Amino acid sequence: MPPVITAFASSPDHGQGLARDMRVRWALEEAGQPYDVRLVSFKAMKEPAHRALHPFGQIPTYEEGGLVLFESGAIVLHIAQRHAGLLPVEASARARAIAWMFAALNTVEPPILELQTAKFAEGDKPWTSERLPLIKERIRHRLDELAVRLGDADWLDGAFSAGDLMMVHTLQRLRPSGLLDEYPNLAAYVGRGEARPAWRRAFAAQLAVFTGQPSGG
Ligand code: GTB
């Protein structure tokens with residue numbers, strides 16, 4: 001039985017791949033593993049059946065045999081540890097790739113999430129116009145550092161890894177703000193991620209949820 005993941009029945013981004021099931025889909029595609037998807041409504045996410053899988057009532061989740069996982073980072077790490085293609089075999093390189101996964105989630109993503117919250121959840125608050133430039137500066141600070149480290153390399157540490165997968169998906173959320181385009185090497189890095197056949201298959205599959213058209217894969 002293939003693993004079953006959960007995704008939005010109706011994603012607010014209209015299938016643009018920004019919801020975090022995209023990370024799991026992409027990892028499974030990189031690993032060449034088939035999977036099934038169970039779509040959940042916002043209402044169903046908060047009901048006991050889904051909360052039994054995800055204590056915070058969110059997507060994505062991952063069910064495989066008796067194993068149930070939540071948190072996109074933990075799910076991608078699980079997939080990467082079980083299947084070839086997402087983590088180097090050599091122990092030190094493997095540890096460094098995992099460090100990049102954590103860097104994406106713990107160091108780069110938090111200010112990006114702050115920007116989303118400020119814009120979409122607190123956009124009507126009186127302090128938001130003053131707060132937005134501060135948040136953008138915090139993001140730029142991280143992007144400056146990341147851009148220097150990446151330099152003109154294709155990927156963060158040698159071959160493409162789960163660290164790049166998490167970082168590319170994290171950075172994609174910045175695109176509408178224009179901040180990503182201030183960093184040509186990071187924009188090109190995200191473009192390389194999106195050019196990967198596995199990314200394209202994953203994107204087509206989650207877009208098909210929105211369009212109702214089969215993704216062909
Ligand atoms: N840390 C968790 C993880 O990495 O798995 C965070 C999970 C999470 O935030 N899930 C979101 C969710 O279920 C979907 S991905 N939200 C519903 C809720 O909390 O009630 C976040 C997301 C949502 C929508 C867009 N979008 O439309 O652009 C982008 C990202």
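Which elements do the buried residues of H4 pack against? They pack against H1, S3, S4, H5 and helix H7 (162-172), and the views below start from there.

This is a predicted model, where local features need pLDDT of at least 70, side-chain atom pairs count only at pLDDT 80 or more, and totals for chains, interfaces and linings use all residues. Residues are numbered from 1 along each chain as its sequence is written, and side-chain values use heavy atoms, with hydrogens and water left out.

**View 1. Helix H4 and its buried residues.** Eight of the 11 residues of H4 are buried, so this helix is largely enclosed by the rest of the structure. The buried set is Ser72, Gly73, Ile75, Val76, Leu77, His78, Ile79 and Ala80. (Buried means under 20% relative accessible area, exposed over 50%, partly exposed in between, with a 1.4 Å probe and protein chains only. Helices, H or I with at least four residues, and strands, E with at least two, are DSSP runs numbered from the N terminus.)

**View 2. The open four-stranded sheet.** The strand order is S2-S1-S3-S4, with mixed pairing; two strands count as paired if DSSP finds at least two bridges between them. Strand S2 (36-40) and strand S4 (67-70) sit at the edges with a single partner strand each, so one side of each has no neighbour in the sheet. From one strand to the next, the twist averages 25°. Helix H1 (residues 21-30) packs on the sheet, touching strand S1 (4-8), S2 and S3, and its direction makes about 145° with that of S1. Helix H4 (residues 72-82) packs on the sheet too, touching S3 and S4, at about 130° to the direction of S4. (Axes are lines fitted to C-alpha atoms, for helices over the stretch in contact, and angles run from 0 to 180 degrees between N-to-C directions; contact means heavy atoms within 4.5 Å.)

View 3. Strand S3 (residues 61-64) and S4 pair in the antiparallel sense over four bridges. Thr61 stands opposite Phe70 in S4, and Glu64 stands opposite Leu67 in S4. Two residues lie between the strands of this hairpin, and Gly65 in the turn has a positive phi of about 60°. Glu64 counts as buried, at 18% relative accessibility. Its side chain makes a polar contact with the side chain of Tyr62 (3.4 Å). (A polar contact is a pair of N or O atoms within 3.5 Å; within protein, one must be able to donate a hydrogen and the other to accept it, and residues adjacent in sequence count only if both atoms are side-chain atoms.) Leaving aside neighbours within four places in sequence, Glu64 is in contact with Pro3, His78 and Arg82.

**View 4. Helix H5, from its start to its bend.** At the start of H5, a side-chain oxygen of Glu90 comes to within 3.2 Å of the backbone nitrogen of Ser92. Further along, H5 bends by about 55° at Glu109, and a proline, Pro110, follows within four residues. (The bend at a residue is the angle between axes fitted to the seven residues ending there and the seven starting there.)

**View 5. Val190 in helix H8.** Val190 belongs to helix H8 (residues 184-195). At 0% relative accessibility, Val190 counts as buried. Not counting residues up to four places away in sequence, Val190 touches Val168, Leu171, Gln172, Arg175 and Leu180.
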